[in-house]
Every structure is written in structure tokens, then in C-alpha cells.
Amino acid sequence: MTRPNPQEPTEPEAAATRWVRHSDYYVAIGEQPGTPGPTPSSEELRRQRWGWLRSGPSAVLAALLKLYRRLISPLYGQVCGFYPSCSAYGLEAVTVHGALRGGALTVWRVLRCNPFTGGGVDHVPQGARIWPQGSAPTIIETNHPPIPPDDDCVMTTDDP
């Protein structure tokens, strides 16, 4: 008989906790990102438990990216043509998707960040990660600020 993991919430605890999915940060203009969605299923909660084989390399890459953001990035200033910056994109990608997929997304992003591209807003693809409300990594909240509605953003029927 397997012993339950003390770090995983039990069914009553999971139902009482409000959960925020990574996809809850992708909202329409004027909506508040990070608003908790429905209570996750037990299968969804089980998939969130990363073992050391997945969380270890992700933690190492995340630590390296945080070190880069703290020590080297300030020397360059704001030179990235994309939002979020490449290091912020990489940190979110590794946090949400893990070392392999997050690392690949980060490398692809850095290769696209050059003077010959137009830049713009390029968010990390949505992932299946969920967190208890209030414990989502700061980089996710930083990369998905609320965007207030304005006259320039209103779509009309004449827009393609």
C-alpha cells in the first residue's frame, strides 16, 4: 500500500483551496489575469506533482536565469524588442513547461530576438501547471499584467 504524499493536498483540502491555472493569465483586454478558475480534478492535481527528475533540472535552469537577470541583464538595459524580455520569457517557460520543453522554447525565442525581427508581444505557450491562489511564481504575474481597455484596442466590424 502506498503512503500518501504529505505535500499533495487531500481531496477536501483541494476543494477548499482556490487554484490558479497558467491559462488563467491569458485573458481578454480589460479582464484581470490570474482569476482562479474551477476546482481542479484529482487527476489534474496529480499531474502537478513534479518529481525530482523533472523539478531538479528546472530549478537549476531557473536559478541560472534569475542569476542572469540579477547580474548581467542590468548591464545591457532594455534592449529586447519583445515583451516579455527573453530572460523573463525563459524563466516563465522553464517554470511552466520544465527544463526540456521550456529550454527549447527559450532557445527558439533567443534565436528570434535579433535586429531583423519586429519584436512585439510574445507570451509563453499556455501550460497545464496550476498553483494554489497566491502562490503562483512572481514571473508569471509580471509577464501578464492587466491591460486596461482603451479606444485604440476596440475592434470594429471594419477590422480584418
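User: In this predicted model, which residues of α6 are buried?
Analyst: Buried here means under 20% relative accessible area. By that cut-off, the buried residues of α6 are A99, G102, G103, L105, T106 and R109.

User: What covers the buried residues of α6?
Analyst: Contact means heavy atoms within 4.5 Å. The cover includes α3 (52-71), β2 (82-83) and α5 (86-97).

User: How far apart are the end C-alpha atoms of α6?
Analyst: Helix α6 runs over residues 99-112, which makes 14 residues. At 1.5 Å a residue they should span 20 Å, and the model agrees: the end C-alpha atoms are 20 Å apart.

User: Over in α3, what arc do the buried residues fall within?
Analyst: The buried ones in α3 are S58, A62 and L65. Looking down the axis of α3, they line one face of the helix, because they fall within an arc of 65 degrees.

User: Which residues are exposed on the other side of α3?
Analyst: Exposed means over 50% relative accessible area. Opposite the buried residues of α3, which have α5 and α6 among their cover, the exposed ones are W52, L53, L64, R70 and L71.

User: What should the 20 residues of α3 span?
Analyst: Take 1.5 Å a residue for α3.

Key:
Residues are numbered from 1 along each chain as its sequence is written. This is a predicted model: local features need pLDDT of at least 70, side-chain atom pairs count only at pLDDT 80 or more; totals for chains, interfaces and linings use all residues. Side-chain values use heavy atoms; hydrogens and water are left out. Helices (H or I, at least four residues) and strands (E, at least two) are DSSP runs, numbered from the N terminus. The expected span of a helix is 1.5 Å times one less than its number of residues. Buried means under 20% relative accessible area, exposed over 50%, partly exposed in between (1.4 Å probe, protein chains only). The arc is that of the directions from the helix axis to the C-beta atoms.
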